[in-house]
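Subject: Structure handover, helix packing

Hi,

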Amino acid sequence: MFGYLFPGQGTVRVGLGAWLRRRPVARDRLDEIDALLSRPISPLCAHGPLDRLVSTEHAQVAVTACNLAALAVLTEEGYEPAVVAGHSVGELTALHAAGVLDLAGTVRLVETRSRLMAAAAGAGGGMRAVMGLAVERVEELAADATAPGEPVVVGLENAPGHVVVSGAAPALDRFEKLATAATKIIALKVGDAYHSPLMAGAVPAWAAEVAAAAMREPRVPVVPNVTGEPTTDLHILREALVAQLTGRVRWTRTIGAVDAIAPGVEVGDSKVLAGLSRRAGARCLSMADPGTLRRLAKQVAA
């Protein structure tokens with residue numbers, strides 16, 4: 001048994017899912033998802049243009065489609081997860097893998113989430129990756145850079161020494177001036193300040209969608225982003241899905257929680273989460289590595 005980790009929208013690129021198209025079960029799943037969407041995502045994944053693909057409205061759907069297709073491959077191979085988690089929008093695929101959401105419900109929620117977050121963007125915010133600083137120090141600098149109406153917060157705890165801050169543009173500028181001498185800062189190419197208070201405008205409509213969605217009790221534990229703690233409580237999972245929109249992605253804690261139950265496998269077309277896991281000292285293979293299915297079979301046989 002393995003822990004399934006599903007990547008988020010930061011992993012998109014032109015050509016996303018190309019290896020999945022070579023697996024019949026994955027190709028069928030991608031075609032099925034295209035039919036469920038208001039407009040197919042596969043042509044955009046294959047051919048771009050990149051500026052459209054990386055937009056929130058398309059990126060979240062594209063990554064989810066590949067996550068779901070990779071999950072179909074594992075299911076065909078006879079694997080079932082021991083625990084699941086997903087990075088940001090990847091949490092919706094994790095809920096599907098745990099049996100909470102059916103395929104149509106997953107696709108519908110992801111498409112709705114992407115639309116609501118894209119509509120909430122434009123408030124003049126952004127995100128910055130902060131390398132080499134402990135999260136506690138990043139929190140201190142963010143607090144110093146925050147002003148009334150101009151917040152900056154830790155949006156993502158990706159791994160030790162890999163933190164992302166999210167907030168208003170003036171606050172991010174102040175944060176950079178405070179932190180530049182001590183660390184490397186990278187501006188992320190995103191539409192706004194996701195996982196921060198600036199996404200509050202999308203919360204009421206998203207909360208209504210989550211409340212109305214048909215969900216079942218999970219078959220296996222799910223580790224929500226906002227808690228980093230395994231749970232099978234459906235009420236907690238619904239609340240966490242809403243809180244995640246403005247709340248912190250506690251991925252470092254999530255990695256540890258999954259690794260305590262089972263070795264991880266990144267399910268999708270990405271190696272990002274496997275890399276973050278290694279940085280956190282956790283076990284994780286990536287399905288984007290051609291040798292992963294063979295390695296999983298060897299681990300099971302052993």
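Below are notes on several helices and their contacts.

One caution before the details: this is a predicted model.

**Helix α4**

Start with α4, residues 56-76. The helix has 21 residues. From first C-alpha to last, α4 reaches 30 Å, close to the 30 Å expected at 1.5 Å a residue. Of its 21 residues, 18 are buried, so α4 is largely enclosed by the rest of the structure. Just after α4 comes Gly78, with a positive phi of about 95°.

**α4 against α5**

Helix α5 covers residues 90-97. Its axis and that of α4 come within 9 Å and cross at roughly 30°. Angles under 35 degrees count as roughly parallel, so α4 is roughly parallel to α5. The crossing is right-handed.

Which residues of α4 and α5 meet? On the α4 side they are Thr64, Asn67, Leu68 and Leu71. On the α5 side they are Gly90, Thr93, His96 and Ala97. By class, the contact of α4 with α5 has three nonpolar residues, five polar and no charged.

An α-helix has 3.6 residues a turn, so residues three or four places apart point the same way.

**α5 against α10**

Helix α5 also has a contact with α10, residues 234-243. The axes of α5 and α10 come within 11 Å and cross at roughly 160°. Over 145 degrees counts as roughly antiparallel, and α5 and α10 are therefore roughly antiparallel to each other. This crossing is left-handed.

From α5, the contact uses Glu91, Leu92 and Leu95. From α10, it uses Leu237, Ala240 and Leu241. The classes for α5 with α10 are five nonpolar, no polar and one charged.

**Helix α6**

Next is α6, residues 103-120. This helix has 18 residues. Its span from first C-alpha to last is 26 Å, close to the 26 Å expected at 1.5 Å a residue.

What do the buried residues of α6 pack against? Their partners are α1 (24-36), α4, α5 and α9 (203-212). The buried set includes Leu103, Val107, Leu109, Val110, Leu116 and Met117. Arg113 is also among the buried residues of α6, as are Thr106, Thr112 and Ser114. Gly105 and Ala120 complete the list.

Best wishes

Conventions
Residues numbered from 1 in each chain as written. Predicted model: local features only at pLDDT ≥ 70, side-chain atom pairs only at ≥ 80, totals over all residues. Heavy atoms only, no water. Axes fitted to C-alpha atoms, helices over the stretch in contact; angles between N-to-C directions. Helix = DSSP H or I, 4+ residues; strand = E, 2+ residues; numbered from the N terminus. Parallel < 35°, antiparallel > 145°, perpendicular 65-115°, else oblique. Left-handed = near helix turned anticlockwise from the far one by under 90°. Contact = heavy atoms within 4.5 Å. Nonpolar A, V, L, I, M, F, W, Y, C, P; charged D, E, K, R; others polar. Expected span 1.5 Å × (residues − 1). Buried < 20%, exposed > 50% of the residue type's maximum accessible area, 1.4 Å probe, protein only.
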